[in-house]
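Trainee: Please take me through a model of this kind, feature by feature. I would like the general idea before each case.

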Amino acid sequence: MSELTLRARLEAIAGIDQGLHLACRRITPQDLVKVADLFSRVYPAGDDGQETPAIEQAREQIELFWNGEYGPIIKEATLGAWKEHRLLGAIIVLEAPPWEDEPATDPPTPCVAEFFVHPKHRGLGIATSLLGAAAHECAELGLDSMTMRIDISKAQDAFILAEYLGFETENN
């Protein structure tokens with residue numbers, strides 16, 4: 001199985017900042033076009049075998065997240081990493097994992113549903129800063145851990161980063 005579920009204690013990653021002089025701020029409805037544009041650059045058309053242009057697929061996907069189709073988002077922890085007016089990365093955090101095989105917890109465990117960085121800006125600490133800022137926001141809400149699921153056959157770098165930051169593999 002190439003998909004792994006990872007979990008981390010928020011105290012281990014909350015507030016990690018790479019000192020990049022980025023503004024990690026909440027995504028607003030006005031930002032969704034920029035988020036979709038970045039998403040389309042990260043996940044180009046053809047990855048799923050469909051012929052729909054990447055930007056249309058991206059807009060649909062981001063709207064599904066924003067409208068709660070995968071579960072309610074935590075707006076305080078759904079963030080963009082901005083340098084001036086340019087969006088370089090984003091993280092979308094749900095109140096609970098959307099996977100049917102994930103047991104419910106009380107309180108629910110927040111889940112990183114998506115995090116992505118512009119291909120030309122990877123390896124600079126943007127994803128680390130986004131994860132740290134999102135973890136901080138979740139901790140401020142009184143939550144204590146966070147999960148994510150990574151397909152290591154497609155996102156080996158994300159898996160390495162998550163492990164480096166303290167995420168541990170759960171029994172899958």
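Mentor: Start with pairing: two strands count as paired if DSSP finds at least two bridges between them. Strands themselves are DSSP runs of E with at least two residues, helices are runs of H or I with at least four, and numbering starts from the N terminus. What you see is a predicted model, in which local features need pLDDT of at least 70 and side-chain atom pairs count only at pLDDT 80 or more, while totals for chains, interfaces and linings use all residues. Residues are numbered from 1 along each chain as its sequence is written, and side-chain values use heavy atoms, with hydrogens and water left out.

Trainee: What is the bridge partner of Ala23 in S3?

Mentor: Trp82 is that partner. S2 and S3 (residues 79-83) run antiparallel, and four bridges join them. Trp82 also stands opposite Leu87 in S4. Between S3 and S4 (residues 86-94) there are five bridges, again with the strands antiparallel.

Trainee: In what order do the strands of the sheet come?

Mentor: The order is S2-S3-S4-S5-S6-S1-S7: seven strands in an open sheet with mixed pairing. At its edges are S2 (23-26) and S7 (168-169), each of which pairs on one side only.

Trainee: How many bridges does S6 make with S1, and how many with S5?

Mentor: With S1 (residues 3-9), S6 makes seven bridges in the antiparallel sense. With S5 (residues 111-117), S6 makes two, and those strands run parallel. Follow Met148 in S6 to see both sides: Met148 is the bridge partner of Leu6, and Met148 is also the bridge partner of Val112.

Trainee: Is S6 mostly covered or mostly open?

Mentor: For that you need the cut-offs on relative accessible area: under 20% is buried, over 50% is exposed, and anything in between is partly exposed, using a 1.4 Å probe and protein chains only. Six of the seven residues of S6 (residues 145-151) are buried, and the strand is mostly covered. S3 is largely enclosed by the rest of the structure, because four of its five residues are buried.

Trainee: Why does Cys111 count as buried?

Mentor: Cys111 counts as buried because its relative accessible area is 0%. Cys111 is in S5.

Trainee: Where is Gly132 found, and is Gly132 buried or exposed?

Mentor: Gly132 is in helix H4. Gly132 is buried, since its relative accessible area is 1%.

Trainee: Which residue of the S3 and S4 hairpin takes a positive phi?

Mentor: Glu84 does, with phi near 60°, in a hairpin that has two residues between the strands. Glu84 has this positive phi although it is not a glycine. Glu84 sits in the loop between S3 and S4. At a relative accessible area of 74%, Glu84 is therefore exposed.

Trainee: How many cavities of 30 Å³ or more does the structure hold?

Mentor: A cavity is a set of points, on a 1 Å grid over the protein atoms alone, where a 1.4 Å probe fits but cannot get out; lining residues have an atom within 4 Å of a point. Points are joined across faces, edges and corners, and the volume is the space filled by probe spheres set on them. The structure holds one cavity of 30 Å³ or more. About 60 Å³ of space lies in the largest cavity.

Trainee: Which residues line the largest cavity?

Mentor: The lining consists of Ile27, Leu32, Val35, Ile62, Phe65, Trp66, Ile73, Thr78 and Ile92. Helix H2 (32-42) and helix H3 (54-66) are the elements that give two or more residues to this lining. H3 supplies the largest share, three residues.

Trainee: How many of the lining residues are nonpolar, polar and charged?

Mentor: By class, Ala, Val, Leu, Ile, Met, Phe, Trp, Tyr, Cys and Pro are nonpolar, Asp, Glu, Lys and Arg are charged, and the others, Gly among them, are polar. The lining of the largest cavity has eight nonpolar residues, one polar and no charged.

Note on methods. On a 1 Å grid over the protein atoms alone, a cavity is a set of points where a 1.4 Å probe fits but cannot get out, and a pocket is an open set with protein on both sides within 12 Å along at least five of seven lines; lining residues have an atom within 4 Å of a point.
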